[in-house]
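Visitor: I would like a close look at a single part of this model, with every cut-off stated. Which residues make it up, and how are they arranged?

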Amino acid sequence: MKITFYGVRGSIPAPGVDTVKFGGNTSCVHVILNNGKNIIFDAGTGMRPLGQILIQTNDPIFILLTHSHWDHIQGYPFFIPIYQKERQIYIFSGEAGIKDQLCSLLDQMDGAHFPVDAKQLPSKAKCILENIEPELHSHGINIKRKPLNHPGGGYAYRLEEDGLSCAYITDNELEPPGKVQTSYDEWVQFCQGVDVLIHDAQYSEPDMPHKHGWGHSLISQVEQLALDAEIGTLVLFHHDPDRSDSQLEQIQQEAQTFFKNKGVETKVLCAWEGLIIDV
Ligand SMILES: [Zn+2]
Ligand SMILES: [Zn+2]
């Protein structure tokens, strides 16, 4: 599988001179499986440039949404394949409380929040809100899910193919103050031995305790998870919009030192737009 990052930022797009290197677009990660299937994790603003590439083909697109916060859905109306006649788009989402039995990606295109109504789109979008794993299996996509510790809920995904694996876990607080959907030990089990772990690492120690309960993890907690779950490559993701390129470079350097000092082979990166990982 080949993983390409199109949006790596959390909360809100953060363009500007201080974010040129890592990028300012919000969450969107494209995975091409060895069997040719196109999977997209989240539909943040990074989805717009991805659309310019996927418009060149007519293959079905499989969108796996973690949850419906703005930074994970805003790219969809600007994703050109949705304006392609008969383009098949499957949207997998475990959302609750949505109207019309559609998902938030389509609901936001209602004429009031976006000028084009989803009902006028020429593409064929199908929302799948239940029995997600079996439906994905029927398309040759092997997925497991876990509930996120995040306000409003949501799901993490673990993708497997040909003995290789990738976990996409964003907007997740590893040690939340309130109700725990998935415990730390369960996360260790879920991520065990994964080749690539992409995990929310929005906060550093000075952000706490003020932002405890906001649904994001400390970089240090994510490093510990990677260590405990014995993963191959850790990708720190969903960067805070206020985090500059130089701060992210420092975070990456410190994280590399952390694993080196532990004497483990785990690689670690801060995700940037354009990063490609061949698993
Ligand atoms: Zn987010
Ligand atoms: Zn969120």
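**The paired zinc site**

Guide: The zinc ion (ligand 1) and the zinc ion (ligand 2) lie 3.6 Å apart, and Asp171 coordinates both. This is a predicted model, in which local features need pLDDT of at least 70 and side-chain atom pairs pLDDT 80 or more, while totals for chains, interfaces and linings use all residues. Residues are numbered from 1 along each chain as its sequence is written, chains are lettered from A and ligands numbered from 1 in the order written, and side-chain values use heavy atoms, without hydrogens or water.

Take ligand 1 to begin with. The zinc ion (ligand 1) is held by Asp71 through OD, His72 through NE2, Asp171 through OD and His238 through NE2, at 2.1 to 2.3 Å. Donors here are N, O and S atoms within 2.8 Å of the metal (3.2 Å for Na, K and Ca); water is not among the atoms, so sites may look incomplete. Along the chain, the donors of the zinc ion (ligand 1) are spaced D-H-x98-D-x66-H. The four donor atoms around the zinc ion (ligand 1) subtend angles of 94 to 161°, and the arrangement is therefore irregular. (Four donors are tetrahedral if all angles lie between 85 and 135 degrees; four are square planar and six octahedral if opposite donors are over 155 degrees apart and all others between 65 and 115; anything else is irregular.) Asp171 sits in the loop between β9 (164–169) and α4 (184–191), and His238 in the loop between β11 (233–237) and α6 (245–262), so the pair ties together parts that are 67 residues apart in sequence. Helices (H or I, at least four residues) and strands (E, at least two) are DSSP runs numbered from the N terminus. Both Asp171 and His238 are buried, meaning under 20% relative accessible area, with exposed over 50% and partly exposed in between (1.4 Å probe, protein chains only).

Now ligand 2. His67 (NE2), His69 (ND1), His150 (NE2) and Asp171 (OD) coordinate the zinc ion (ligand 2), at 2.1 to 2.3 Å. The site of the zinc ion (ligand 2) is irregular too, with angles of 90 to 174° among its four donor atoms. His69, in the loop between β4 (61–64) and β5 (88–92), and Asp171, in the loop between β9 and α4, are a pair that links distant parts of the chain, 102 residues apart. His69 is partly exposed, with 32% relative accessible area, whereas Asp171, at 1% relative accessibility, counts as buried.

Cys103 is buried, at 0% relative accessibility. For the sulfur of Cys270, the closest cysteine sulfur is in Cys166, 17 Å away, again too far for a bond. Cys270 is also buried, at 1% relative accessible area.

Leu50 belongs to helix α1 (residues 47–54) and is buried, with a relative accessible area of 0%. The C-alpha atoms of Leu50 and His199 are separated by 21 Å, with the two residues 149 apart along the chain.

Terms used: A disulfide is a pair of cysteine sulfur atoms within 2.5 Å.
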